[in-house]
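Thank you all for coming. I would like to walk through a few local backbone features and one metal site, and I will keep to what can be read from the model.

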Amino acid sequence: MFIDSHAHLDSVDFDSDRALVIERARAAGVARVLAIGSGTGPGTLDCAIKLAERFEGLDASIGIHPHEARLTAEEDFRLLTELAGHPAVVAWGEIGLDFHYDHSPRDVQLEVFARQLKLAADRRLPVIIHTREAERETLRALQEHWTQPHIGGILHCYSGSLELAESGLAMGFLISFSGMLTFPKAQSVRDVAQRVPLERLLIETDAPYLAPVPHRGKRNEPAFVVETAKALAQLKETSMEVIGRQTAENYRRLFDRGYSRDPGRFTRDPVVQ
Ligand code: NI
């Protein structure tokens, strides 16, 4: 039993066969998928909620990705706060900083990130963090604006330094690893994963991106999260089943804590068929 903690199921790449993709995930033992709601930015911020309303076994997030920070208007923050109250919403993200692509000016990324950290803290929702070539700035923003560290969050699709991972762990975050763990050249990612305690790990696909070996180069989908579990099992010298069970448990623990509206949600209904 596995949980994919991060998939962009709203992507147009899934428009032709979304129901089949979700069916295949279930068949592969993926009991739950967190549908990320960043969409294509403002105008699509309810995209994951719509999917969670339609398909069983999906949770939803909301949030503005750093790429689209420059498109954000004041009205969007009000809308996000409203959407945060929807029962399918378990997290705020993905939010953060991306100084690799710089699709939005850095000062705007910082401002939109800070605003969302504060709003998520107000709503008591865990945050899902995207950070690329901006480790120091991300850490500083978290220290300054994430006022509810006991709620926790996720450093997603982790490929950063051991230092950032350790700082994240100290701040109560879980570290989520993607199919990158299976890439031959990603030894540094495996090195960090090896150092993160099992009870602080999550697995994700980041579908439709970053398909793991042996699907590399194809469209990624939640069923493939088992390949990441397999890679992690090798690293930790344990079984895929243990990895699946423990990461699912970590997921529930995180969202039970943050999810104040219905704290029993995940313990009551761990596997939705
Ligand atoms: Ni993502």
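This is a predicted model: local features need pLDDT of at least 70, side-chain atom pairs count only at pLDDT 80 or more; totals for chains, interfaces and linings use all residues.

D102 lies in the loop between β4 and α4, the latter spanning residues 106-123, where helices (H or I, at least four residues) and strands (E, at least two) are DSSP runs, numbered from the N terminus. Although D102 is not a glycine, its phi is positive, at about 50°, and the residue is partly exposed, with a relative accessible area of 33%; on this scale buried means under 20% relative accessible area, exposed over 50%, and partly exposed in between, for a 1.4 Å probe and protein chains only. Residues are numbered from 1 along each chain as its sequence is written, and side-chain values use heavy atoms, with hydrogens and water left out.

In the loop between β4 and α4 we also find H103, which counts as partly exposed at 43% relative accessibility. Leaving aside neighbours within four places in sequence, H103 is in contact with H67 and R70, contact meaning heavy atoms within 4.5 Å.

C157 likewise has a positive phi, of about 45°, without being a glycine, and it sits in the loop between β6 (153-155) and α6 (162-170). C157, however, is buried, with a relative accessible area of 12%.

Turning to the peptide bonds, the one joining G93 and E94 is cis, with omega about 10°, and E94 has its place in strand β4, residues 89-98. A cis bond also leads from V213 to P214, with omega near 10°, and P214 lies in the loop between β8 (201-203) and α8 (225-236).

Which residues, then, coordinate the nickel ion? They are H6 and H8 through NE2, E94 through OE and D206 through OD, at 2.0 to 2.3 Å. E94 in strand β4 and D206 in the loop between β8 and α8 link distant parts of the chain, being 112 residues apart. Both are buried, E94 with a relative accessible area of 2% and D206 with 8%.

Donors here are N, O and S atoms within 2.8 Å of the metal (3.2 Å for Na, K and Ca), and water is not among the atoms, so sites may look incomplete. The arrangement is irregular because the four donor atoms subtend angles of 84 to 175°: four donors count as tetrahedral if all angles lie between 85 and 135 degrees, four count as square planar and six as octahedral if opposite donors are over 155 degrees apart and all others between 65 and 115, and anything else is irregular.
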